[in-house]
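Subject: Structure handover

Hi,

Here is the structure I promised to pass on.

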Amino acid sequence: MKKTWIAAATALVLTVAPLAGCGEKKENSASGGDTGGTIKIGANFEMTGGQASFGNSSMKGLKLAVNEINAAGGVLGKQLELIQADNASKSEEATRAAQKLISNDKVVALIGPVTSTNTLGAVPVAQEKKVPLITTSATNPKVTVDERTNKVNEYVFRVCFIDPFQGKVAADFASKELKAKNAAIYLDSSSDYSKGLQKFFKETFTKNGGTIVAEESYQQKDTDFKAVLTRIKEKNPEFIYVPGYYEEVGKIVKQARELGIKAPIMGGDGWDSPQLLEIAGKDALNNTYLSNHYAADDSSAEIKKFVEAFKKENNNETPDSLAALGYDAVNMLVDAIKRANSTDPQKITDALAQTKDLKLATGSLTLNETHDPVKSAVVLEYKDGKQVFKAKVNP
């Protein structure tokens, strides 16, 4: 990601529910995050900038969960208070936002950021301050395991699956379902997320007997992709893998179809934004696919309940996976607070590490030894501008 330093992160404090009513006074957090009758949770999200669609969707999910929990009486006799900081889709600002939320606002835990690069900016702060961080959708393995020491980051967790699994899902789908014998990869070289997916897709696809006929790259904020797409077209790939975010992906898909490229194109959960349809157009998106965390039209009871509640709160809007993961992150944190019977960050951290068989909107979640969920993925297909459930893949 291109990085620009700015003076300070913009912070907007949102109190999403009244202060707690009567209830037995519980243990105060070591960080002071439950003083004044509320339990303070920090939300570090991309509310502006290149991934703003992700951040705004995630926040809608967080707010729904917080409202439901507070309406049901809160946690440990207290109401949840959501304190939001905008990281402006920049890693440096994610670092500053984490510092502010912990040091100034005295939150007991952090939720977010969305992207791997921005989350990696916040991880050192959580580790240093010993405050748990749950990322909703940062899928790069480096988020929970320090690549320098190969040790697990004690205070960092995620509610989403990781890139090795997501990359494998895409590669298996290309080779086994679509019967592609060769593929081209067009990745975002400025994104840890994209590079991770590229790596694991390539490993699995070649292991399946496939051949990579072209590997090309772009950077975030690029707008003209036709020269590179022309080179890819000359290789005549049977499948094109584009692991990136919706802003550039929409332009890539649109320009690829304008050049007459008809091969199926696939990406990961970074595609999942309503803006992808606006940028690419529904016709260009036909014969494209993405791996994702859940399908809104899944028949499970948890998903039906979540989708119905989300629509009621958001003018009948269908929640995307970022909203579902935001919703799940709050419920995962609250489950840990209840089991810890405390708002002390260390006790919450210890409880999070023991999360097992937790029923959430995106599926049943158990954390493994590296704080990564063991859970299913889905493959969705775009048909006339709508996401259609294609397959469910278990780990």
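Predicted model: local features only at pLDDT ≥ 70, side-chain atom pairs only at ≥ 80, totals over all residues.

Ala-295 lies in the loop that runs between E11 and helix H10 (301-313). Beyond its neighbours within four places in sequence, Ala-295 has contacts with Ile-303, Val-378, Leu-380 and Phe-389. Lys-207, by contrast, is 88 residues away from Ala-295 in sequence and 28 Å away in space, C-alpha to C-alpha.

Now to the sheet. It is open and mixed, with 7 strands in the order E8-E7-E9-E10-E11-E15-E16. Strand E8 (211-218) and strand E16 (386-393) are at the edges with a single partner strand each, so one side of each has no neighbour in the sheet. Helix H6 (residues 226-234) packs on this sheet and touches strand E7 (182-188), E8 and strand E9 (240-241). The direction of H6 makes about 165° with that of E7. Further along, E10 (residues 265-267) and E11 (residues 288-292) are paired in the parallel sense over 3 bridges, and Gly-267 has Leu-290 in E11 as its bridge partner.

Last, helix H12 (residues 345-353). Its buried residues are Pro-345, Ile-348, Thr-349, Ala-351 and Leu-352. They lie on the same side of H12, because the arc they cover around the axis is only 165°. Among the elements covering these buried residues are strand E5 (133-135), strand E6 (156-158), helix H11 (321-340) and strand E13 (363-367).

Best wishes

Notes. Residues numbered from 1 in each chain as written. Heavy atoms only, no water. Buried < 20%, exposed > 50% of the residue type's maximum accessible area, 1.4 Å probe, protein only. Helix = DSSP H or I, 4+ residues; strand = E, 2+ residues; numbered from the N terminus. Arc of directions from axis to C-beta. Contact = heavy atoms within 4.5 Å. Pairing = 2+ DSSP bridges. Axes fitted to C-alpha atoms, helices over the stretch in contact; angles between N-to-C directions.
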